[in-house]
Structures are given as C-alpha cells and as structure tokens.
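Here are my notes on the model, as numbered points. Please read them with the coordinates open.

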Amino acid sequence: SQPKSLWVVKGVAALLKSLHAIEPGSKLNDQSNETFELLVPNLAAANHFLRLYTLDILESYPDRPFITDHADIDLTDDLEEEPSYKPSVDTEEDELNPDGTVSSSLSGSCDLISLLRNLESIPVAFANERRITSQLDRVEVYARTGKLPILYAEATACHMLGLLHVKFAPVWPAAVKVIVSLSAAQEGPTWPCIEAALKKSMEKPLPKVEDSARHSSQSS
C-alpha cells in the first residue's frame, strides 16, 4: 500500500463515502490502530487534500472514549473499543464550561477527529477567520485536558504541524498554542510527531558554498 500517496488516500476516502451511502456506519476495516499509525503522519503534510482525505478515513471509525485514568492504560493492548460500544456523556458537567475549560469529570466519546476534519474543510479566507480560530480554540481546550486517546493526541499534534503550512497567518499562533498545550498535557504521544517535523526541517539542503560564490561573482 501507499499510505502517503494522495491518489491512493483520495481513492480510499471516495470508496468509504460510497460504502456509507449503501450501508451507513460501515468502515474500512477492523484494524483502526494500524490504520491510524499508517495515516496519521499524513496530517503533518503540506498538502491540504492529503490531510482532508486522511481525516475522512480516520473519521469513519467509531469515536474512542476519553482517558479517565492514565494508570489503567495498557499500551500493549488494543485501545479500540468494541464496535457496538459508544460511551455516552453522563452529565452536563462533561461539556465545555462557559469559561472555555473542560470539567475534570469529562468522559464519554471523544469527537476530536470529526472536529479536526471540520476544521480542515473550512475554506481558508479572511471571511472565515473567526470560524477557523474558533475551531482551533476548541481543539486547544481538548488538548489541555490530558485525556485524549493516545492516537487522537498523535493525530492532533501532526495536524497542527500540517496547518503551519497553510498560507494564512491567523492560523499559525492558534495551531502553535494547541501544540504547546498538548505537549504539556500529553508529552509522550505528542513528541514523536514534533521531533519528526524538526528533523525534516533540519534535513532541508542548504546552498553549496561554491554555488553561492559563483552566483556572487556572476552578479558582480
């Protein structure tokens, strides 16, 4: 397979759309962990469509529950809930508080992947600046809870790095704020994506000294 190919990812997303039209709730496969691990790095890409179609695929899987006790996580086990299991929010306290914070009792299904997908689908334009930054603010609220499913935290970190490629300045500080909050709350799943981005930026070739000297002599 070619998980980084735009055409392959676009084709799979289109296939899923057709499957949902025939059988709502259908998904690509029963291996969501493996699919996330393959596709999440695409969210850090510069290509908007690769990010969007990747999120289309990831969104097709059932929402995972918020982590309520990190001590109970078994990283060797499959973190995916049963297909028929979809935790529900117990009380109104689990929703966002009026001041933008999240109650410590937050539990139930985490809709973060849908939130990221909606964010990516908003056309980049000054007319949509408020919508975009509002969505990013909501992502940041979730990021600082420290309760995101591991794969969702990884996806969010990569997606925020991908948004730094967007040529729209209002996005950048909001995306960086999400990365900072996520790094503080869940450093473990966040750091690998950030580290990969830093290494990639450092691998960018610099102009050779002789080439620069030749260009200078030609222009003088």
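1. Terms first. Helices (H or I, at least four residues) and strands (E, at least two) are DSSP runs, numbered from the N terminus. The model is predicted: local features need pLDDT of at least 70, side-chain atom pairs count only at pLDDT 80 or more, and totals for chains, interfaces and linings use all residues. Residues are numbered from 1 along each chain as its sequence is written, and side-chain values use heavy atoms, with hydrogens and water left out.

2. Overall fold. The protein has nine helices and zero strands. From the N terminus on, the order of elements reads α-α-α-α-α-α-α-α-α. Of the 220 residues, 40% are buried. Here buried means under 20% relative accessible area, exposed over 50%, and partly exposed in between (1.4 Å probe, protein chains only). Contact means heavy atoms within 4.5 Å. Among contacts between residues at least 6 apart in sequence, 71% join residues at least 24 apart.

3. Helix α6. How many residues does α6 have, and how far does it reach? It has 14 residues and reaches 20 Å from its first C-alpha to its last. That is close to the 20 Å expected at 1.5 Å a residue; the expected span is 1.5 Å times one less than the number of residues. Of the 14 residues of α6, 13 are buried, so the helix is largely enclosed by the rest of the structure.

4. A155. This residue is found in α6. A155 is buried, with a relative accessible area of 0%. Leaving out residues up to four places away in sequence, A155 touches V40, L43, I113 and L116. A155 and L58 are 97 residues apart in sequence, yet their C-alpha atoms are 9.6 Å apart in space.

5. Nonpolar core. In soluble globular proteins, nonpolar side chains tend to be buried together. A nonpolar core is a set of buried Ala, Val, Leu, Ile, Met, Phe, Trp, Tyr and Cys residues joined through side-chain atoms within 4.5 Å. The largest one here has 47 residues. Within this core, F36, L112, I113, L136, L148, M160 and L163 touch the most other members. Two or more residues each come from α1 (6-22), α2, α3 (48-59), α4 (112-121), α5 (129-143), α6, α7 (171-185) and α8. Which element gives the largest share of this core? It is α6, with nine residues.

6. A pocket is found on a 1 Å grid over the protein atoms alone: it is an open set of points where a 1.4 Å probe fits, with protein on both sides within 12 Å along at least five of seven lines. Lining residues have an atom within 4 Å of a point. Grid points are joined across faces, edges and corners, and volume is the space filled by probe spheres set on the points. The largest pocket holds about 570 Å³ of space. It is lined by 22 residues, and A44, C193, A196, A197 and K200 are the closest to its centre.

7. Pocket lining. α2 (32-39), α6 (150-163) and α8 (187-202) each supply at least two lining residues. The largest share, seven residues, comes from α8. By class, the lining has 15 nonpolar, three polar and four charged residues. For this count, Ala, Val, Leu, Ile, Met, Phe, Trp, Tyr, Cys and Pro are nonpolar, Asp, Glu, Lys and Arg are charged, and the others, Gly among them, are polar.

8. E120 is in α4. Is E120 buried or exposed? At 4% relative accessibility, E120 counts as buried. Beyond four places in sequence, E120 touches H48, R51, L52, L55, H159 and L163. V9 lies in α1. V9 is buried too, at a relative accessible area of 2%.

9. P173. This residue lies in α7. P173 is exposed, with a relative accessible area of 55%.
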